[in-house]
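Here are my notes for your first look at this one. Have the structure open while you go through the points.

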Amino acid sequence: MEIHNKSKKKIVDTFINLTVNNDINDIGIDDIVKNSGVSRGTFYNHFKSKNDIIVFIEQLMCRSIDNSFQDIEDDNRNYMEIMTDRILPLIYENRSYTNILYNYYQPVFFDFLIKRYSKYFVKYFDDYDEKILNLSKDFAVQFFFRMMLNAMLLWISQPIPSEPEEFKYSFKKIINSSVSDVCGVSIK
């Protein structure tokens with residue numbers, strides 16, 4: 001994910017750097033301007049508010065993820081390979097952006113991701129039988145997608161996340177495991 005405008009990149013990078021040691025809500029435009037070395041006018045040429053920076057980061061991430069799914073044919077049912085080979089490296093490479101989105105507005109971010117990307121995984125549920133668990137197909141799709149998102153976001157929010165190539169095996173294993181397999185707890 002690249003930001004081509006130098007001053008815009010400076011502002012975004014400064015904002016991200018400030019979030020390392022500060023709560024997002026405590027960071028003001030003055031802090032961003034002072035630490036980035038851009039003028040207040042330059043800041044306002046690119047962004048109206050701090051929230052605009054977050055929206056910009058979200059748009060960058062979505063554009064990159066959308067591009068990863070763009071060349072997939074409709075009859076391709078192996079989205080999990082695409083997730084592990086394309087999306088995990090993208091998330092890892094842009095983990096500072098992902099962490100901002102995850103930490104700043106987690107519930108809204110989750111809902112947004114589910115609405116935008118769960119459609120790619122509905123095909124896995126073509127043979128889903130609602131009678132087995134007495135849960136709707138929509139519930140099952142959302143549960144599955146949220147479980148995948150949680151695994152990815154917990155991974156990427158670690159202080160030092162493992163490399164995507166290493167994590168993809170754990171990721172596939174955990175989403176194919178039950179709670180009792182993962183936690184060693186049997187819930188009855």
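1. Is Phe-125 buried or exposed? Phe-125 is buried, at a relative accessible area of 11%. (Buried means under 20% relative accessible area, exposed over 50%, and partly exposed in between, with a 1.4 Å probe and protein chains only.) Tyr-128, on the other hand, comes out as partly exposed at 23%.

2. A quick word on the source: this is a predicted model, where local features need pLDDT of at least 70 and side-chain atom pairs count only at pLDDT 80 or more, while totals for chains, interfaces and linings use all residues. Residues are numbered from 1 along each chain as its sequence is written, and side-chain values use heavy atoms, with hydrogens and water left out.

3. Now the rings. Rings of Phe, Tyr and Trp (its six-membered ring) pair if their centres lie within 6.5 Å; planes under 30 degrees apart are stacked, over 60 edge-to-face, and the rest tilted. That rule gives eight aromatic pairs. Take Tyr-92 and Trp-155: the ring centres are 6.0 Å apart and the planes sit at 20 degrees, so this pair is stacked. Tyr-92 belongs to helix H5 (residues 79–93) and Trp-155 to helix H9 (residues 137–156), so the pair ties together parts 63 residues apart in sequence. (Helices, H or I of at least four residues, are DSSP runs numbered from the N terminus.) Both partners are tucked away: Tyr-92 is buried at 14%, and Trp-155 is buried at 5%.

4. Back to Phe-125, which pairs edge-to-face with Tyr-128, at 6.1 Å centre to centre and 65 degrees between the planes. Elsewhere, Phe-43, Tyr-44, Phe-47 and Phe-56 make up one aromatic cluster.

5. Look at Tyr-92 again: Arg-95 lies over its face, 4.1 Å from the ring centre. (For a charge to sit over a ring, NZ of Lys or CZ of Arg must be within 6 Å of the ring centre and within 35 degrees of the ring normal.)

6. Helix H2 (residues 29–36) has two sides worth a look. Ile-29, Ile-32, Val-33 and Ser-36 are buried there. Seen down the axis of H2, these buried residues fall within an arc of 95 degrees, so they line one face of the helix. (The arc is taken over the directions from the helix axis to the C-beta atoms.) On the other side of H2, Asp-30 and Lys-34 are exposed. As background, an α-helix has 3.6 residues a turn, so residues three or four places apart point the same way.

7. Last, Ile-132: this residue lies in helix H8 and is exposed, at 67% relative accessibility.
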